[in-house]
Every structure is written in C-alpha cells, then in structure tokens.
Amino acid sequence: MKIVKDPVHGDVEVGETALTLLDSPVLQRLRHIRQLGFAHLVYPGANHTRFEHSLGTMHLAAALSRHLDLPPDETDLVTAAALLHDIGHGPFSHVTEAFMVELLGWGHEEVEGLLATGETADLLDACGLDPAEVAAVINGRHQYAGLIHGDLDVDRMDYLLRDAHYTGVPYGLVDTGRLIRSTVLTENGVALDSSGINAAESLLIARTLMRPVVYYHHVSRIATSMFHLALLSHLKGTSEDVGALMRKDDALLFTRLLGSPDPVAADLAGRLYTRRLYKRAVYVGRDRVNAAAVQGQTSMQDRRQIAAAIAEAAGVAPWTVLVDIPAFPTDMSMEVRVRNRHALVGLEEVSPLLTTLNETRRQQWRLGVYTTGEQRDMVEQAATEVLHIKRPTQQDRLPI
C-alpha cells in the first residue's frame, strides 16, 4: 500500500490492486486529459485532470465498500472500476463526447474494448479481476454500478468537490461522509437511507448551482463549439481516423488542429490557443424558443445546418456562426429507504426541494448562437428570424 497526497481528500490509500493498475497506459493517459475541458479559459486554476479525479473516486469507492462491508474480492472490483471509470474519455473530456457518440457509436462509459485486451487486461487478470465484470460496473450493467454512476455516487461526490476546489467556486461542497454512511444496498441496487436526505439535498443543490457557473458557463460553451467546428473541418479535409484521434490526449489533438491543412480548423484552433473567442449573438432560455422543435436538433449535423441557414440569412461565412443546443437536463432522482418501514420511495416523495431543483435545472438551459464580435448584430437578427425567437421581455433584458 502507498499513500498519495490529494488536495481534496488528503491522504489517499492506494492498495495492491490499485497499485498494479496505476501505471497502466490507459490510466497514465488521463494525466493529460483536463477534467473540465475549456473551463480553464474562465477559471485559470481549472487545470486538474481526469487522473486525479480517478484517484479521488477510487478513494471514495473504497470508503463506501468498507461501509457496505463488501468482501475483499468485491471491494477490489468496485475500487478497480472506480479507478478505471474514465479511461474511455476522449481529449478534453466531455468536449469530444459528441464525436464518440455520433461518429463512433459509443460514449466514454463503453470501455469493454479498452479492458478486454492488451496490458490492461493482463493487469486485471493478475489482480484476479474479470475485465468484462469491471466494464459492467463502469457502464451501468452490474449490481454495483450505482456506486460509481448514479445521481448520488462517488464519481459525482469527487468531481463536485474537486471542480469547486480548482475553480474557486464555493458551491460544490458535499458531505461525503454522511452520504457514504447513508448508502444502502437493496434488491434494486443502490439506495439512500432516510438519515441521509439532508446530505443528498446538499449534493443536488451543489450540482444545480455548479451547472450554469462552471459546467455550462457560456465561455466554456463557446470554446467547445469552436473546437467542435475545428475538429469537424479537420476531419473533412483529411483522412484522419476519428477513433484514433479520440485516443490521443489534449495536447496531441490540439497540436494536430493547430497544424491542420484545413484553414478553418487551423484558424479556430489558433483562436482558442490565444483566447480570441467568438461572442454571444443569441443566448436564450426555453421560454424564448420552440423547445419542442429544438429538442430534436441537438446533434452536430443539426447544429451545423442551422448555423448555415443563419449565416446565409446574415450574409456571412458559415464557419463564423456557431449554434449551441445542449440537451435538456434530465430530472435528478434517487430511491430512499424509509426508516422503520424498509420501503423504497423516490426522493421527490420525501424531499419537496427536489421538484424545485429539477425545475431550476430546466430554467438554466440556454440556446446559444455565437459569432465574431463585428458580426453580432447581423447574426442576432438572422438567428431571431431563422429560429423564431420570441422578443425579450424586460426581465429577459437583465444581465445574465
């Protein structure tokens, strides 16, 4: 066993199984994948990586395994899955998730191929672990999957604390000790004992407050949209394999875009490198657009078609208009075991706050249209016509 110093959790114990896996290439690559994509363009301290988050998630998974009194072999399974749960991420983390899902047909949780062969498979075998079972915990197809991925899991506990620490945003405080002590296993999987309701509400409040301030900050969304178009343009102008690009790290892919033979890709990458970002021409909530119409137009291809229509209406070059339509947020929930009855109910039945938080998340959603500074007025007018955006009320005109 070794001790690793962590700025969030303090001393992190790394057991024999984790030590065996720690220096594997798939994990060491995560040292070079930023946790928050382009959030460092907003918060200069947000340079933490998926590697340290994986260590923190493993640390909390070990504590949760002890609380649940899991046998040693199952503890090894859970902690290994926690350590490896992010190895499927592409460069810049969630920034490239759309490319994997839309162009490759799988997301970052589909790690079977990364675990089934090569050095990682050999290391798991040396630890007495089945790569397929580890993958099942990571991708949600195992009875212990809820420990790693759910509305109240060790993954979220760590990233809220870690992201708040490195951004300096004081909204991500989570009582991990109480949440772990309140976690129970049921026939349906992971649930929360009613003694942990207040701690659970605190975590869900943190998630809700961190969304607009960190995870969906408009500068990060602009940078992500610019990166998407740069990578799309690069792929059109070259014979690069998408799967191979997704296995690179941040620096390698960004360097490739800076030197791209495609002029649009190279220009956008250069703008990102020097922080010459596009500006908001339109930034509106659900009340100003036809939500039902835009909800089905969130793919990269859909967004580019809308951007082209806006650019044509505005009389500007299509690559100078970006359309950002995030998926609508799903409702947060959790099963709660009611004390003395041993019944399972939805958290919303015992916490009226949850309904308010879910509505708040829906109200936080924004559709963005971005362009160069000198084109903002023209693009705003064109986007308003193309997307049938309602005129703002006095409240809408207040600064965001």
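Start by selecting threonine 372, which sits in the loop between β9 (367-371) and α21 (376-386). Helices (H or I, at least four residues) and strands (E, at least two) are DSSP runs, numbered from the N terminus. Before going further, note that this is a predicted model: local features need pLDDT of at least 70, side-chain atom pairs count only at pLDDT 80 or more, and totals for chains, interfaces and linings use all residues. Residues are numbered from 1 along each chain as its sequence is written, and side-chain values use heavy atoms, with hydrogens and water left out.

**Stop one: around threonine 372**

Is threonine 372 buried or exposed? Its relative accessibility is 6%, so threonine 372 counts as buried. Here buried means under 20% relative accessible area, exposed over 50%, and partly exposed in between (1.4 Å probe, protein chains only). Now show Arg271, Tyr278 and Thr320: threonine 372 is in contact with these residues, leaving aside its neighbours within four places in sequence. Contact means heavy atoms within 4.5 Å.

**Stop two: alanine 98**

Next, pick alanine 98 in helix α5 (residues 97-104). Alanine 98 has a relative accessible area of 18% and is therefore buried. Which residues does alanine 98 touch, not counting those up to four places away in sequence? They are Leu103, His228 and Met300.

**Stop three: the nonpolar cores**

A nonpolar core is a set of buried Ala, Val, Leu, Ile, Met, Phe, Trp, Tyr and Cys residues joined through side-chain atoms within 4.5 Å. Select Leu84, Leu115 and Val134: of the 72 residues in the largest nonpolar core, these touch the most other members. Helix α12 (residues 197-215) gives the most to this core, contributing eight residues. Stay with leucine 84 and bring up the residues it touches, not counting those up to four places away in sequence: Leu21, Val26, Leu27, Leu115, Leu124, Val134 and Ile138. There is also a second, separate core of 33 residues, which includes Ile222, Ala230, Leu235 and Met246.

**Stop four: a four-stranded sheet**

Switch to a cartoon view for this one. Four strands make an open sheet with mixed pairing, in the order β3-β4-β7-β8. Two strands pair if DSSP finds at least two bridges between them. At the edges are β3 (183-186) and β8 (343-346), each pairing on one side only.

Zoom in on β3 and β4, which pair in the antiparallel sense over four bridges. A hairpin of two residues joins β3 to β4, and leucine 185 has valine 190 in β4 as its bridge partner.

Then move across to β7. Strand β4 (residues 189-193) and strand β7 (residues 335-338) run parallel and are joined by two bridges. Leucine 192 has valine 336 in β7 as its bridge partner, and aspartate 193 stands opposite arginine 337 in β7. Colour β4 by accessibility and you will find the strand mostly covered, with five of its five residues buried.

**Stop five: two packed helices**

Two packed helices are described by the angle between their axes and the distance between the axes. Select helix α3 (residues 50-67) and helix α10 (residues 154-167), which pack at an angle of about 135° with their axes 9 Å apart. α3 and α10 are therefore oblique to each other. Residues of α3 that meet α10 include Glu52, His53 and Gly56, and among their counterparts in α10 are Val154, Asp155 and Met157.Axes are lines fitted to C-alpha atoms, for helices over the stretch in contact, and angles run from 0 to 180 degrees between N-to-C directions. Angles under 35 degrees count as roughly parallel, over 145 as roughly antiparallel, 65 to 115 as roughly perpendicular and the rest as oblique.

**Last stop: two positive phi values**

Most residues other than glycine have a negative phi. Select serine 93, in the loop between α4 (72-84) and α5: its phi is positive, near 60°. With a relative accessible area of 1%, serine 93 is buried. Finish at histidine 388, in the segment after α21, where phi is also positive, at about 55°. Histidine 388 counts as exposed, at 64% relative accessibility.
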